[in-house]
Amino acid sequence: MYVPKHFEESDPAVLQALVRAHPLGTWVTAGDGELVANHLPFLLDPGTGEHGTLRCHVARANPVWRSLSAGGPSLIVFQGPERYITPSWYASKQAHGKVVPTWNYAVVHAHGMPRAIDDPQWLLQHVGQMTDTQEAGRSVPWQVADAPGEYVDSLLRAIVGIEITLTKLVGKWKVSQNRPEADKSGVVAGLMGDGGEGSRAMADLVGQHLARNGEH
């Protein structure tokens, strides 16, 4: 991924926060002479390995887990907030007109070595953790134990676990850092006027960098 210095985000806490907030990753592997992409929800364990460990599961019928025996690294892309930015929001449009549209986004690329785990106990613990994480905000959280045991067992037999030890995390926060302060303020105002959760999330990111009063 091309990352100009002013768009680089290297704070592990910030990168991990995006992964947790947007856990549906695009997992890219190489197999049979082509690149293969699978879209999967991941759990991040920041305390295992130098850069953390990602865990997920795939259908047993999905051939991707069998291809891991050949070795080789893989890439997981986590997409955060993203929005089109119109030059009409820039103060520079009125000053000199030398402005063009762009797209703001925040993204994390996680690189690592994957392995398949075909272990019922590991899988039961894993799906329990994933469920508890996603149900945490509900007043009455659903738990794996709420389903009949034999039903859960049959589903566990139909999946295979994936564990990816991360070798590096690369972050790109393209959130108007390269624009003058007045243009950043215009972007924040424009996004807030647009409404919608995605626009507000991007406005927050631009605002954070605006508050730093300089390039990141």
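Predicted model: local features only at pLDDT ≥ 70, side-chain atom pairs only at ≥ 80, totals over all residues.
**View 1. The largest pocket holds about 230 Å³ of space.** A pocket here is an open set of points on a 1 Å grid over the protein atoms alone, where a 1.4 Å probe fits and protein lies on both sides within 12 Å along at least five of seven lines; lining residues have an atom within 4 Å of a point. The volume is the space filled by probe spheres set on the points, which are joined across faces, edges and corners. Look for Pro81, Trp173, Ala201, Leu205 and Gln208, the closest to the centre among the 14 lining residues.

View 2. Helices are DSSP runs (H or I, at least four residues), numbered from the N terminus. Sorted by class, the lining has 8 nonpolar, 3 polar and 3 charged residues. Ala, Val, Leu, Ile, Met, Phe, Trp, Tyr, Cys and Pro count as nonpolar, Asp, Glu, Lys and Arg as charged, and the others, Gly among them, as polar.

**View 3. The second largest pocket, with about 190 Å³ of space.** Its lining includes His57, Thr131, Trp142, Tyr151 and Ile159. Helix H5 (149-156) gives the most, 4 residues, while helix H4 (120-135) supplies at least two. There are 9 nonpolar and 2 polar residues here, and no charged ones.

**Notes.** Residues are numbered from 1 along each chain as its sequence is written, and side-chain values use heavy atoms, leaving out hydrogens and water. Local features need pLDDT of at least 70 and side-chain atom pairs count only at pLDDT 80 or more, but totals for chains, interfaces and linings use all residues.
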